[in-house]
Each structure stands twice: as structure tokens, then as C-alpha cells.
Amino acid sequence: MQGNFFISAMRTLVPLGVGLVLSLTGHLGIPVDSEQAALVVLVILAGAYYLLLRGLEWLADRLAWRPLRLAAGVLLGWAQPPSYGTGDLPHISPEELAALRRRALGEGDAR
């Protein structure tokens, strides 16, 4: 789980860093004359960068094109997205759910 945290953090922070560098250097020719405008440009650039590369990762998965998937992942900060498992919850019967609800609300069994 700790590895997934690091991977997800890297894949969040790298696009933000790229957006920050692009917005500060002015390479895109966007004149930014206030802090609020700079922040908006940063968020838009970081979001566009992330969505573009995630889209390329998705496309590479669909086409089974490993080099593109690897390149897009690396440019996001980590070669593969984090995996969190299936997220399947254990089955709880309606009776068990009602008993849990009663217990959580402090209602005792009437037995």
C-alpha cells in the first residue's frame, strides 16, 4: 500500500511541476501579469498535461503498444499507474446489515 501512495503522489506532483515550469517560463507565449492568473494557467497546464498523458496511456493499453504506454507513464512520474485491488466488499446479508445498524445507533436487541 505504501508503494501505491508513492506512485500516486509522483503521478500527481510531476504534472503539477510541469505545469509550474511551463507557466513560469512563459514558453507558451501566455502573458501572465498577476498571481491569480498565474495560478489559473498553472492548473490548466498541469491538468492538460495529465489528461493528455493518461489518454496516451489508455490508448497504448487499447493498442497493446508498450513503448507508448511506458513513455507516457514515465512522463507522468512513474511508468505504471498505482493498483489498488478490486475493492470487492464482503457480502453482508440484510439481517446482518440491520443488526449492524441497530448496534451503531445504540439500539439493543429485544431478546
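## Arginine 69 and its surroundings

In this predicted model, arginine 69 touches a set of residues that, once its neighbours within four places in sequence are left aside, consists of Glu57, Ala60, Asp61, Ala79, Gln80 and Pro81. Arginine 69 belongs to helix α3, which covers residues 66–76. Is arginine 69 buried or exposed? Its relative accessible area is 18%, and because the cut-off for a buried residue is under 20%, arginine 69 counts as buried.

## How α2 and α3 pack

Two packed helices are described by the angle between their axes and by the distance between those axes. For helix α2, which spans residues 35–63, and helix α3, the axes come within 8 Å and cross at roughly 155°. Angles over 145 degrees count as roughly antiparallel, and α2 is therefore roughly antiparallel to α3. The crossing in which α2 passes α3 is left-handed.

Which residues make this contact? On the side of α2 they are Tyr49, Tyr50, Leu53, Arg54, Leu56, Glu57, Ala60 and Asp61, while α3 contributes Leu68, Arg69, Ala72, Gly73, Leu75 and Leu76.

## The loop between α2 and α3

Alanine 64 is placed in the loop between α2 and α3. Its phi is near 55°, which is a positive value in a residue other than glycine. This deserves a remark because most residues other than glycine have a negative phi. Alanine 64 is also exposed, with a relative accessible area of 68%.

## An aromatic pair

How many aromatic pairs does the structure hold? There is one, formed by phenylalanine 6 and tryptophan 78 in an edge-to-face arrangement, with 5.3 Å from centre to centre and 85° between the planes. Phenylalanine 6 lies in helix α1 (residues 2–25), whereas tryptophan 78 lies in the loop between α3 and α4 (94–104), so the pair ties together parts that are 72 residues apart in sequence.

Both partners can be described by their accessibility as well: phenylalanine 6 counts as partly exposed at 42% relative accessibility, and tryptophan 78, with a relative accessible area of 36%, is partly exposed too.

## Helix α4 and what follows

Of the 11 residues of α4, the number buried is zero, so this helix lies largely in the open. Just after α4 comes glycine 106, which takes a positive phi of about 80°.

Glutamate 107 is found in the segment after α4, and with a relative accessible area of 40% this residue is partly exposed. When its neighbours within four places in sequence are left aside, glutamate 107 is in contact with Arg101 and Arg102.

## The chain as a whole

The secondary structure of the protein chain comes to four helices and zero strands, and from the N terminus on its elements run α-α-α-α. Buried residues account for 19% of the 111 residues in the protein chain. Among the contacts in the chain that link residues at least 6 apart in sequence, 55% join residues at least 24 apart.

Definitions and conventions. Residues numbered from 1 in each chain as written. Predicted model: local features only at pLDDT ≥ 70, side-chain atom pairs only at ≥ 80, totals over all residues. Heavy atoms only, no water. Helix = DSSP H or I, 4+ residues; strand = E, 2+ residues; numbered from the N terminus. Buried < 20%, exposed > 50% of the residue type's maximum accessible area, 1.4 Å probe, protein only. Contact = heavy atoms within 4.5 Å. Phe/Tyr/Trp six-rings, centres within 6.5 Å; stacked < 30°, edge-to-face > 60°. Axes fitted to C-alpha atoms, helices over the stretch in contact; angles between N-to-C directions. Parallel < 35°, antiparallel > 145°, perpendicular 65-115°, else oblique. Left-handed = near helix turned anticlockwise from the far one by under 90°.
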